[in-house]
Amino acid sequence: MKRKFGDRANWRRITNRQFTCRFVQSKVFTGYITLYTIQDLKEPLWKTYGGSTFCIADKGYSWLQYYPKGEHFVVTAMFDDQERIVEWYIDTCRSQGITDQGVPWFDDLYLDVVVLKDGEVFLLDEDELEDALSRKHITTSDYDLANRTAKELLHAIDAHVFPYFQLSLKHRKTLFENGEFRKNVQI
């Protein structure tokens with residue numbers, strides 16, 4: 001199992017970035033919200049899903065990430081340099097936490113859900129989850145947790161009750177100014 005950090009400090013592709021983080025407790029969301037802004041990089045990152053290829057990381061792109069308290073998933077809303085949504089990437093995880101330096105992290109459970117801006121949904125990395133179980137990198141309990149979490153996510157998305165799509169669009173416009181959290185903003 002791999003531990004992933006919100007500040008992506010070891011991401012060699014990115015040569016200059018800005019990272020900001022805040023703990024939020026409100027009626028609509030409780031947990032950490034981070035914004036990772038790419039200021040310069042060695043080369044853009046392109047992904048292909050269902051026959052469509054698009055850029056998810058380039059100069060000026062930003063990733064708004066939600067670490068919801070008590071949940072087994074982390075949501076990343078990826079925005080282009082014009083603050084238009086590119087995709088939502090949802091990682092299943094065993095647990096999440098915060099470093100002594102105030103950087104959120106999660107223990108990745110391999111299984112991911114991607115939702116494109118047009119609403120197309122993809123379940124990814126089922127083979128990686130199976131491989132991790134067969135190699136004993138995760139337990140049967142972890143395997144079941146990843147599958148149960150992904151199933152719940154897909155159900156919420158299909159039922160149009162997954163709140164992070166609208167939250168991320170709203171929060172990207174209202175919570176940040178020049179890559180930093182605005183002062184005294186209600187969530």
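Phe 162 and Tyr 164 are both buried (under 20% relative accessible area with a 1.4 Å probe, protein chains only; over 50% is exposed, and partly exposed lies in between). The model is predicted, so local features need pLDDT of at least 70 and side-chain atom pairs count only at pLDDT 80 or more, while totals for chains, interfaces and linings use all residues. Residues are numbered from 1 along each chain as its sequence is written, and side-chain values use heavy atoms, with hydrogens and water left out.

The structure holds 15 aromatic pairs. Rings of Phe, Tyr and Trp (its six-membered ring) pair if their centres lie within 6.5 Å; planes under 30 degrees apart count as stacked, over 60 as edge-to-face and the rest as tilted. Phe 29 and Tyr 66 form an edge-to-face pair, 5.2 Å centre to centre with 80° between the planes. This pair links distant parts of the chain, 37 residues apart. Phe 29 sits in the loop between strand 2 (14-25) and strand 3 (30-41), and Tyr 66 in strand 6 (residues 62-68). Strands (E, at least two residues) and helices (H or I, at least four) are DSSP runs, numbered from the N terminus. Phe 29 and Tyr 66 are both buried. The ring centres of Phe 162 and Tyr 164 are 5.1 Å apart and their planes meet at 50°, so this pair is tilted. One aromatic cluster takes in Phe 29, Tyr 66, Phe 73, Trp 88, Phe 162, Tyr 164 and Phe 165.

Glu 87 belongs to strand 8 (residues 85-98). Glu 87 is buried but has no salt bridge (a side-chain nitrogen of Lys or Arg within 4 Å of a carboxyl oxygen of Asp or Glu). Lys 47 is the nearest side chain of opposite charge, 7.8 Å away. Lys and Arg count as positive and Asp and Glu as negative; His and the chain ends are not counted. Beyond residues up to four places away in sequence, Glu 87 touches several residues, including Tyr 49, Phe 54 and Leu 116. Contact means heavy atoms within 4.5 Å.

Cys 55 lies in strand 5 (residues 52-57). Its relative accessible area is 7%, so Cys 55 is buried. Leaving out residues up to four places away in sequence, Cys 55 touches Pro 44, Leu 45, Trp 46, Tyr 61 and Val 86.

His 171 is placed in helix 3 (residues 164-174). With 1% relative accessibility, His 171 counts as buried. The C-alpha atoms of His 171 and Ile 33 are 9.7 Å apart, across 138 residues of chain.
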